[in-house]
Amino acid sequence: MRTNNPYMNSGKILFGAHRGDRLHYPENTMPAFRGALAVGCDAIETDVRTTKDGHLVLIHDRDVVRTTNGSGFVDQMTLEEIRALDAGGWKDPSFAGEKIPTVVEFLDFISQTDLLINWELKEYPNELGEAQAYGCVDKLVELIDRYGLAERSMMNSFSQKVLEYVDKKWPGKFMIHGYIGYTKKDVSERPLESFLDWTAIWRKDADHVAGFAEDYAYADAREILTCILVPDTEEQYKKALDMGCRMFTSDDPTTGVEVLKKLGKR
């Protein structure tokens with residue numbers, strides 16, 4: 001493995017919450033993150049974007065319309081405008097008034113836990129330009145360092161260029177997570193496999209929901225650890241584990257944790 005990280009070398013099956021506990025709470029909000037901690041997750045996967053005035057916030061989509069009561073692109077709105085939005089009422093009226101969290105707010109929370117952070121970098125050079133995409137990464141790293149959480153941070157992106165930027169600028173500092181076999185946002189100068197620590201098994205179909213054995217073997221031969229998001233059932237988890245999966249990410253962490261317990265992995 002390229003990154004000497006105890007969380008990778010322990011052999012433990014890791015379990016992460018996808019945008020927090022998004023089944024029971026509005027995704028990428030503080031209640032969703034607290035819910036993931038409460039059910040016993042090892043990691044939280046979340047999505048990083050930059051506001052018009054340079055602040056980092058946690059939201060999956062560029063357009064806020066799906067998960068708030070507003071509309072418009074995150075990168076064209078100020079932090080004040082972003083924080084004025086209701087990011088919870090769409091899920092249930094009981095969550096009305098929840099805010100889109102800042103990265104600082106999230107780090108204040110995560111630093112008081114033992115959780116890993118899977119930072120998905122959502123700004124891509126081919127879409128928003130290199131200055132915006134790489135600037136987002138630079139600001140995130142500065143904040144991670146302020147809290148001393150580099151070892152617990154995984155940098156994740158569908159952009160090969162963004163991941164290569166991280167690897168070149170901070171070699172070995174972060175776990176790097178990419179997507180072998182996925183339709184590319186862009187192409188790095190070096191082969192993606194040459195600087196990945198983790199890859200999501202993406203190629204799946206109705207008969208192989210947990211992915212294909214040859215894809216796990218391909219990653220294993222290159223010393224890249226594998227992770228997947230599958231339905232939270234014993235059947236699908238066991239299939240993935242038998243092929244070598246080392247980390248699950250779940251939209252229903254309560255059920256996922258229980259499945260791993262039944263399989264003797266927690």
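This is a predicted model: local features need pLDDT of at least 70, side-chain atom pairs count only at pLDDT 80 or more; totals for chains, interfaces and linings use all residues.

Reader: Okay, how many bridges hold strand S8 and S9 together, and in which sense do they pair?

Author: Strand S8, residues 225-228, pairs with S9 over two bridges, in the parallel sense. One spot to look at is Ile228, whose bridge partner in S9 is Phe248. Between the two strands, the chain goes from S8 through helix H9, residues 234-243, and on to S9. This β-α-β crossover is right-handed.

Reader: How many bridges join S1 to S9?

Author: Four, and S1 and S9 run parallel. Find Ala17 in S1, which covers residues 14-18. Ala17 stands opposite Ser250 in S9.

Reader: Is Ala17 buried or exposed?

Author: Here you need a cut-off: a residue is buried if its relative accessible area is under 20%. Ala17 has 0%, so Ala17 is buried. Leaving out residues up to four places away in sequence, Ala17 touches Ala36, Cys41, Ala43, Ile44, Glu45, Thr249, Ser250 and Pro253. For a sense of distance, take Ala17 and Arg49: they are 32 residues apart in sequence, and their C-alpha atoms are 19 Å apart in space.

Reader: And what about the faces of strand S9?

Author: Both faces of S9, residues 247-250, are covered. On one side sit Met247 and Thr249, on the other Phe248 and Ser250, and all of these are buried.

Reader: Can we try a residue in another strand? Where is Leu58, and which residues does Leu58 touch?

Author: Leu58 is in strand S3, residues 56-58. With a relative accessible area of 1%, Leu58 is buried. Again setting aside residues up to four places away in sequence, Leu58 touches a list of residues including Asn28, Phe33, Val48, Ile100, Phe106 and Trp119. Compare that with Thr233, which is 175 residues from Leu58 along the chain; the C-alpha atoms of Leu58 and Thr233 are separated by 29 Å.

Reader: Asn28 was in that list. What is the phi of Asn28?

Author: Phi of Asn28 is near 55°, a positive value in a residue other than glycine. Asn28 lies in the loop between S1 and helix H2, which spans 30-38. At 3% relative accessibility, Asn28 counts as buried.

Reader: Where does Glu223 lie, and what is its phi?

Author: Glu223 has a positive phi of about 60°, although it is not a glycine. You'll find Glu223 in the loop between helix H8, 213-221, and S8. A residue counts as exposed when its relative accessible area is over 50%, so Glu223, at 51% relative accessibility, is exposed.

Reader: Let's finish with helices. How do I describe two that pack together?

Author: Two packed helices are described by the angle between their axes and the distance between the axes. Now look at helix H6, residues 130-147, and helix H7, residues 160-169: their axes come within 10 Å and cross at roughly 45°. That angle makes H6 oblique to H7. The crossing of H6 and H7 is right-handed.

Reader: Which residues of H6 and H7 meet?

Author: From H6, they are Ala133, Tyr134, Val137 and Asp138. They meet Lys161, Val162, Tyr165, Val166 and Lys169 in H7.

Technical notes
Residues are numbered from 1 along each chain as its sequence is written. Side-chain values use heavy atoms; hydrogens and water are left out. Buried means under 20% relative accessible area, exposed over 50%, partly exposed in between (1.4 Å probe, protein chains only). Contact means heavy atoms within 4.5 Å. Two strands pair if DSSP finds at least two bridges between them. A crossover is right-handed if, with the strands pointing away from the viewer, the path from the first strand over the helix to the second runs clockwise. Axes are lines fitted to C-alpha atoms, for helices over the stretch in contact, and angles run from 0 to 180 degrees between N-to-C directions. Angles under 35 degrees count as roughly parallel, over 145 as roughly antiparallel, 65 to 115 as roughly perpendicular and the rest as oblique. A crossing is left-handed if the near helix is turned anticlockwise from the far one by less than a right angle, and right-handed if clockwise.
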